[in-house]
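Let's take a walk through this protein together, starting with the overall picture and then stopping at a few individual residues. Keep the 3D view open as you read.

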Amino acid sequence: TEQTLILVKPDGVARGLIGEVLSRVERKGLTIAALKMETVSEELAGAHYAEHEGKAFYPSLIEFITSGPVVAAVLEGPRAIAAFRQLAGGTDPVEKALPGSIRADFALETQFNLVHGSDSPESAKREIALWFPEFAQ
Ligand code: ATP
């Protein structure tokens with residue numbers, strides 16, 4: 001089994017899509033092992049998106065992710081990382097996300113793409129430690 005860290009970003013929470021996202025997660029068969037809602041500090045936002053520091057979209061990404069509450073969860077299951085990324089769809093909701101994915105079904109813009117999911121076992125470990133320090137091994 002594998003673990004992944006997912007977020008319903010501020011746009012998803014504001015648009016009332018927490019249930020939609022968690023419902024798809026549960027119907028897929030993934031287990032929600034930890035779950036919380038919180039407004040992200042600048043410090044956590046910077047640590048979470050450290051790999052994007054210096055990119056043109058970084059300042060607006062930090063502003064966006066700290067703009068309102070997010071829902072963070074640890075999911076567990078076989079191939080959980082890839083399974084959630086399939087549910088989410090590609091980063092650009094119009095050009096990359098496949099029809100039937102969360103981003104394709106509900107989003108229009110790359111920045112406001114509703115959800116995050118860890119992209120590798122290394123990112124998952126790092127992100128779970130950041131978001132759920134009490135939960136990380
Ligand atoms: P996430 O890491 O949130 O799951 P991802 O792995 O699909 O998304 P990344 O390339 O890691 O995408 O980018 C992180 C986030 O930064 C994206 O989800 C999106 O919100 C934002 N982002 C990425 N590229 C752009 C861009 N060109 N313009 C605006 N925002 C962007």
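This is a predicted model: local features need pLDDT of at least 70, side-chain atom pairs count only at pLDDT 80 or more; totals for chains, interfaces and linings use all residues.

The protein chain has seven helices and four strands. If you trace them along the sequence, you get the pattern β-α-α-β-α-α-β-α-α-β-α. The radius of gyration is 14 Å, close to the 14 Å that the globule rule gives for 137 residues, so the chain is as compact as a globular protein of that length. Taken along the principal axes, the C-alpha atoms fill a box of roughly 35 × 35 × 25 Å. Buried residues make up 34% of the 137 residues. Now look at the contacts between residues with a separation of 6 or more: 69% of them link residues 24 or more positions apart.

Next, the inside. In soluble globular proteins, nonpolar side chains tend to be buried together. Here the largest nonpolar core has 29 residues, and Val8, Leu75, Phe84 and Val115 are the ones that touch the most other members. Strands S1 (2-8) and S3 (69-77) each give two or more residues to this core, and so do helices H2 (18-28), H5 (80-88), H6 (102-106) and H7 (121-131). The largest share, six residues, comes from S3. Leaving out residues up to four places away in sequence, valine 8 touches Val13, Leu17, Ile18, Val21, Val70, Val71, Leu114 and Val115.

Now for the ligand. Which residues surround the ligand? They are Phe57, Leu61, Thr91, Thr110, Gln111, Asn113, His116, Gly117 and Asp119. By type, this shell divides into two nonpolar, six polar and one charged.

You'll find histidine 116 in strand S4 (residues 115-117). Is it buried or exposed? Histidine 116 has 22 other C-beta atoms within 10 Å, and the cut-off for buried is 20 or more, so it counts as buried. Apart from residues up to four places away in sequence, histidine 116 touches Ile6, Leu7 and Lys9.

Lys9 turns up in the record too: the unreviewed UniProt entry lists Lys9, Phe57, Arg85, Thr91, Arg103 and Asn113 for "binding site". Let's visit two of these. Asparagine 113 is in the loop between H6 and S4, and with 25 C-beta neighbours inside 10 Å, asparagine 113 counts as buried. Setting aside residues up to four places away in sequence, asparagine 113 touches Thr91, Pro93, Arg103 and Ala107. Arginine 85 sits in helix H5 and is buried as well, with 20 other C-beta atoms within 10 Å.

Time for a look at the backbone. Most residues other than glycine have a negative phi, and most peptide bonds are trans. Leucine 114 has a positive phi, near 75°. Leucine 114 lies in the loop between H6 and S4 and counts as buried, with 24 C-beta neighbours inside 10 Å. Arginine 79 has a positive phi too, near 55°. Arginine 79 is in the loop between S3 and H5 and is partly exposed, with 13 other C-beta atoms within 10 Å.

Beyond its neighbours within four places in sequence, glutamate 2 is in contact with Gly77, Pro78, Arg79, Ala80 and Ile81. Glutamate 2 and isoleucine 81 are 79 residues apart along the chain, yet their C-alpha atoms are separated by 7.2 Å.

Last stop: isoleucine 62, in helix H4 (residues 58-65). Isoleucine 62 is partly exposed, with 18 other C-beta atoms within 10 Å. Aside from neighbours within four places in sequence, isoleucine 62 is in contact with Glu42, Ala45, Gly46 and Tyr49.

Conventions: Residues are numbered from 1 along each chain as its sequence is written. A residue is buried if 20 or more other C-beta atoms lie within 10 Å of its own, exposed if 12 or fewer, and partly exposed in between; C-beta atoms are placed from the backbone. Two residues are in contact if their C-beta atoms, placed from the backbone, lie within 7 Å. A residue is near a molecule or strand if its C-beta atom, placed from the backbone, lies within 6 Å of it. Ala, Val, Leu, Ile, Met, Phe, Trp, Tyr, Cys and Pro count as nonpolar, Asp, Glu, Lys and Arg as charged, and the others, Gly among them, as polar. The radius of gyration is taken over C-alpha atoms; the globule rule is 2.2 Å times the number of residues to the power 0.38. A nonpolar core is a set of buried Ala, Val, Leu, Ile, Met, Phe, Trp, Tyr and Cys residues joined through C-beta atoms within 7 Å. UniProt positions are given in the numbering used here, feature names are shortened, and annotations may be inferred rather than shown by experiment.
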